[in-house]
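Hi everyone, thanks for making the time this morning. I have one structure to walk you through, so let me put it on the screen.

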Amino acid sequence: MAITGGSRFPAGHDFVFPRGALVMGVEPVLKFQSAEERAKGLPAEQEKDKETGQLVWSVLVIDQAAERKADAAVTVKISAPHQPVPPEAIPGTDIRPAMFEGLTVTPWIDDKGCRGGHVGERHRCRAKLGYSLRATGMKTIVAAKPAPKAA
């Protein structure tokens with residue numbers, strides 16, 4: 001089968017964020033650093049995308065279509081040579097609507113909820129399907145101008 005674990009499936013912005021996405025901030029994704037490396041005072045390195053070799057940036061986004069408050073905050077990772085700049089806020093607010101370009105979805109199993117497996121204990125699996133979102137960039141959403149009134 002040609003589909004392997006970690007495959008990135010293309011998905012349109014409107015499919016993933018049907019009511020829009022609000023950017024809250026952008027920061028670099030840092031590589032994991034062991035306690036030993038931290039104790040030595042080694043500087044943290046920024047993660048690089050396995051496919052493109054570019055630096056990886058984490059964009060905190062509010063999904064306006066989330067059904068539960070706990071699911072509203074999501075992360076979209078952008079691979080780029082420089083830190084992506086969030087769109088300008090709507091005047092008088094902190095709201096930064098954005099559209100993601102080149103959006104992909106990678107499904108994965110979140111098995112932190114699985115318990116059991118000990119001898120004589122019933123397995124209780126509350127694993128769920130999770131999604132990792134990546135994009136090639138983000139841009140400002142251009143608001144449609146209202147149509148002129150007919151005379």
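**Starting from a salt bridge**

Let's begin with Arg8 and Asp49, whose side chains meet in a salt bridge with an N to O distance of 3.2 Å. By salt bridge I mean a side-chain nitrogen of Lys or Arg within 4 Å of a carboxyl oxygen of Asp or Glu. Arg8 lies in the segment before β1, while Asp49 lies in the loop between α2 (35–39) and β3 (56–63), so the pair ties together parts that are 41 residues apart in sequence. Helices here are DSSP runs of H or I with at least four residues, strands are runs of E with at least two, and both are numbered from the N terminus.

Before I go further, a word on what you are looking at: this is a predicted model, where local features need pLDDT of at least 70 and side-chain atom pairs count only at pLDDT 80 or more, while totals for chains, interfaces and linings use all residues. Residues are numbered from 1 along each chain as its sequence is written, and side-chain values use heavy atoms, with hydrogens and water left out.

Back to our pair. Are its two members buried or exposed, or partly exposed? Arg8 counts as partly exposed at 24% relative accessibility, whereas Asp49 is buried at 4%. The cut-offs are under 20% relative accessible area for buried and over 50% for exposed, with partly exposed in between, using a 1.4 Å probe and protein chains only.

Asp49 has another partner too: its side chain meets that of Arg134 in a salt bridge of 3.1 Å, N to O. Since Arg134 sits in strand β7 and Asp49 in the loop between α2 and β3, this pair ties together parts that are 85 residues apart in sequence. Arg134 counts as buried, at 13% relative accessibility.

How many salt bridges does the structure hold? There are six. One of them joins Arg68 to Asp71, with the closest N and O atoms 3.1 Å apart, and here Asp71 is partly exposed at 38% relative accessibility.

**The sheet**

Now let's zoom out. The protein has two helices and eight strands, and from the N terminus on they run β-α-β-α-β-β-β-β-β-β. The eight strands form an open sheet with mixed pairing, in the order β1-β6-β7-β4-β3-β2-β5-β8. At the edges stand β1 (9–10) and β8 (137–140), each with a single partner strand, so one side of each is left without a neighbour in the sheet. Two strands pair if DSSP finds at least two bridges between them.

Take β6 (residues 104–110) and β7 (residues 128–135): they run antiparallel and are joined by seven bridges. Thr106, for instance, has Ser132 in β7 as its bridge partner.

Thr104 is also in β6, and it is buried, with 15% relative accessible area. Leaving aside residues up to four places away in sequence, Thr104 touches Arg8, Phe9, Pro10, Ala11, Ser132, Leu133 and Arg134. Touching means a contact, that is, heavy atoms within 4.5 Å.

**An aromatic pair**

Which rings pair up in this model? Phe17 and Phe100 form a tilted aromatic pair, 6.0 Å centre to centre with 40° between the planes. Phe17 lies in the loop between α1 (13–16) and β2 (21–28), and Phe100 in strand β5 (residues 97–101), so the pair ties together parts that are 83 residues apart in sequence. Rings of Phe, Tyr and Trp (its six-membered ring) pair if their centres lie within 6.5 Å; planes under 30 degrees apart are stacked, over 60 edge-to-face, and the rest tilted. By this rule the count comes to one aromatic pair. Phe17 is buried at 1% relative accessibility, and Phe100 is buried at 3%.

**The whole protein**

To finish, some totals. Of the 151 residues, 27% count as buried. Among contacts between residues at least 6 apart in sequence, 64% join residues at least 24 apart.

That's my tour, so over to you!
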